[in-house]
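Here is a short briefing to read alongside the model. Take a moment with the fold, then follow the topics below.

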Amino acid sequence: MRRATLWLVAALGAGGAGIASVPATTEAAASSALLASAPAPDTAVTTKFDVAGIPVILRRNPANEVVVANLYLLGGTRQLTPQTAGIEALLLAASERGTRRFPGSTLRQRTARLGSSIGIEASDDWSVIGLHAIRATFDSTWALMADRVVAPTLDGAEVNIVREQMLTGARQRGTDPDDAASHLADSLLFRQHPYALQTTGTEASLAAITVPQLRQYHAQQFVTSRMLLVVVGNVDRPQIERLVRGTLGTLPRGGYRWTSPPALPDGGRAVAFDNRSLPTNYLLGYVPGPAATSPDYTALRVATAVLSGRLFTEVRSRRNLSYAVESPFLERAHAIGGLYVTTVDPNAVLRIMRDELNALQNDQVEATGLKRLEQQFITEYYLKNETNADQANVLARAELYQGDYRAADRFMEDLRRVTPADVERVAKTYLTNFRFAFVGDTTKVDRALLSQF
C-alpha cells in the first residue's frame, strides 16, 4: 500500500497562471467557513507535561464528547532486525486476545459493549496503539487499552491465530500491482536504511518469532522511555495523570532515547521493473527531501501540490490518460517527494510529467496562483485534521519530527512564507534523480524517458 500522502487537486497552469479546480470565491468561502468553525484558541488548549516518565501532550477540546488517546511506541524499524521484523506488530495485535485483567475474549467483548474501539498501526518510526471513546466511557476503555500494553497474556494458541492472519497478509503483499509498485519503490529508496525493514514482518520473520521471544521483547522494549502519549478530547490533566500513573506508569523506565531517523541515502537515479500482463501500468518514483526542521520542508510540500494539480489537469482532465496521477509528499523526519500514475500509455504520461516538471523547475508560478493554492491548502488542512484522531497524529509528528508539538500550530504561518522563488528552487533541488518502480507491460515504456528524471 502506498504510504500516506497529502496533496491537493489544484492546478497551476504550465505557464504559471492559476487554474483552480473550484472557483476562487468558493475556495475562499470554504476556507473562511472552516476557519470560523475551528475551535477558538481559548477553548482548545494544548499542553505538554510528564507523568511517571512518559511525555504527555493533551489537547483539551470541549467542542465534542469524543476522546482519542494514542500511545506511540517510538523507534519503528530501528527497533527491528531482518529476523525480528514484525515482532512489535505481532505483539500488539496478539494483545487483543487477552490480558492479565481481561483474559481471553473478555477484552474484545468489553470493548464492543462500550462502543469504543482500540486500534494499532506499525509504521516506520513508531507503533501506535490508540483508543476512540466518548467521555463517559473513556476511563473504562483506557483500562482495556492500558492492560494490553502493560500485561498482555501472549497465550501460544492465541498468538498463532494472529500470526496466521499476519502471514496471510505477508503472502498477499505484492499480488496487488499498486502494492507491488509501492514495495518496489520502497526497496530502491530505502536501500541501506532502517526503513528497508517491514514493520509488519515477512513470511520468514513472522514464522520464526516464538512466544518466548515476544515475552522477552515485551519485558525489554515496553518501557516508558519509548513512549509518547497524545490525548485529544474533553478530558483534563488530573484525569490523565491518574490513569497513566496507575497503568503505564508502572512499567520500567528503560534507557531509550528518541533521535531523528537518519537521512535517506542519495543513491542517484534507479529503475526497477516488474513485468506483468496487466490492462494498465503502475509507475511510482521517489526522491529524498529536506529535514522536517528545514524551511524547505513546507516549500517542497507546496511544490508537490502544484505539480499534482498540473498533472491532474494535463494527464487526467485534458487527455484522459489516467484516473490516478499525483506528485506525492510523504511526511517523515526527512520528506519524500515523488511521481505516481496508473496508465495504459506510460510514455505519453512520462513526456507530460517531464514537461510539467521542467516548467516547475524553470518558471516561477504566479503569486496570485500560489495564493489561491494557499487557500486550498488551508481548506484541505482543516478537512484533514478536523477529527480528534487526526489532530493527535499531527501533534505527534510535530513533536517528534520538529522537536516541538507547537510547530503544528505554526503550519499556516510556514505555508504563507513560501514564495514562488521557493517553489522553483526546491523543485530544482529535490525533484531530481528519481528512483522509479514500474509494474506492468515493460514493452510499453521507453527506458530513455525514465532516465530523464
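Thr304 lies in helix 10, where helices (H or I, at least four residues) and strands (E, at least two) are DSSP runs, numbered from the N terminus. This is a predicted model, in which local features need pLDDT of at least 70 and side-chain atom pairs count only at pLDDT 80 or more, while totals for chains, interfaces and linings use all residues. Residues are numbered from 1 along each chain as its sequence is written, and side-chain values use heavy atoms, with hydrogens and water left out.

**Thr304 and its surroundings**

- Thr304 is buried, with a relative accessible area of 0%; buried means under 20% relative accessible area, exposed over 50%, and partly exposed in between (1.4 Å probe, protein chains only).
- Not counting residues up to four places away in sequence, Thr304 touches Ser327, Pro328, Phe329 and Leu431, a contact being heavy atoms within 4.5 Å.
- Leu431, with neighbours within four places in sequence left aside, is in contact with Val287, Leu300, Thr304, Leu307, Leu357, Leu360, Gln361 and Val426.

**Nonpolar cores**

- A nonpolar core is a set of buried Ala, Val, Leu, Ile, Met, Phe, Trp, Tyr and Cys residues joined through side-chain atoms within 4.5 Å.
- The largest nonpolar core has 71 residues, of which Tyr72, Val230, Val302, Leu360 and Leu431 touch the most other members.
- Helix 10 (residues 295-318) gives the most to this core, contributing ten residues.
- Another core, of 53 residues, lies apart from it and includes Ala69, Leu92, Leu144 and Val159.

- Six strands make an open sheet in the order 3-4-8-5-7-6, with mixed pairing; two strands pair if DSSP finds at least two bridges between them.
- Strand 3 (45-51) and strand 6 (117-122) are the edge strands, each pairing on one side only.
- From one strand to the next, the twist averages 15°; axes are lines fitted to C-alpha atoms, for helices over the stretch in contact, and angles run from 0 to 180 degrees between N-to-C directions.
- Strand 4 (residues 54-60) and strand 8 (residues 227-233) run parallel and are joined by five bridges.
- Ile57 has Val230 as its bridge partner in strand 8, and Val230 is also among the residues that touch the most other members of the largest core.
- Helix 4 (residues 138-150) packs on the sheet, touching strand 5 (66-74), strand 6, strand 7 (126-134) and strand 8, and its direction makes about 160° with that of strand 7.

**Two loop residues with positive phi**

- Gln192 lies in the loop between helix 6 (177-189) and helix 7 (203-208); its phi is near 60°, a positive value in a residue other than glycine.
- With 79% relative accessibility, Gln192 counts as exposed.
- Asn433 lies in the loop between helix 15 (420-430) and strand 14 (435-440), and its phi, also positive in a residue other than glycine, is near 55°.
- Asn433 is partly exposed, at a relative accessible area of 25%.

**The chain as a whole**

- The secondary structure of the protein chain comes to 16 helices and 14 strands.
- The radius of gyration of the protein chain is 23 Å, close to the 22 Å that the globule rule gives for 453 residues, so the chain is as compact as a globular protein of that length; the radius is taken over C-alpha atoms, and the rule is 2.2 Å times the number of residues to the power 0.38.
- Of the 453 residues of the protein chain, 55% count as buried.
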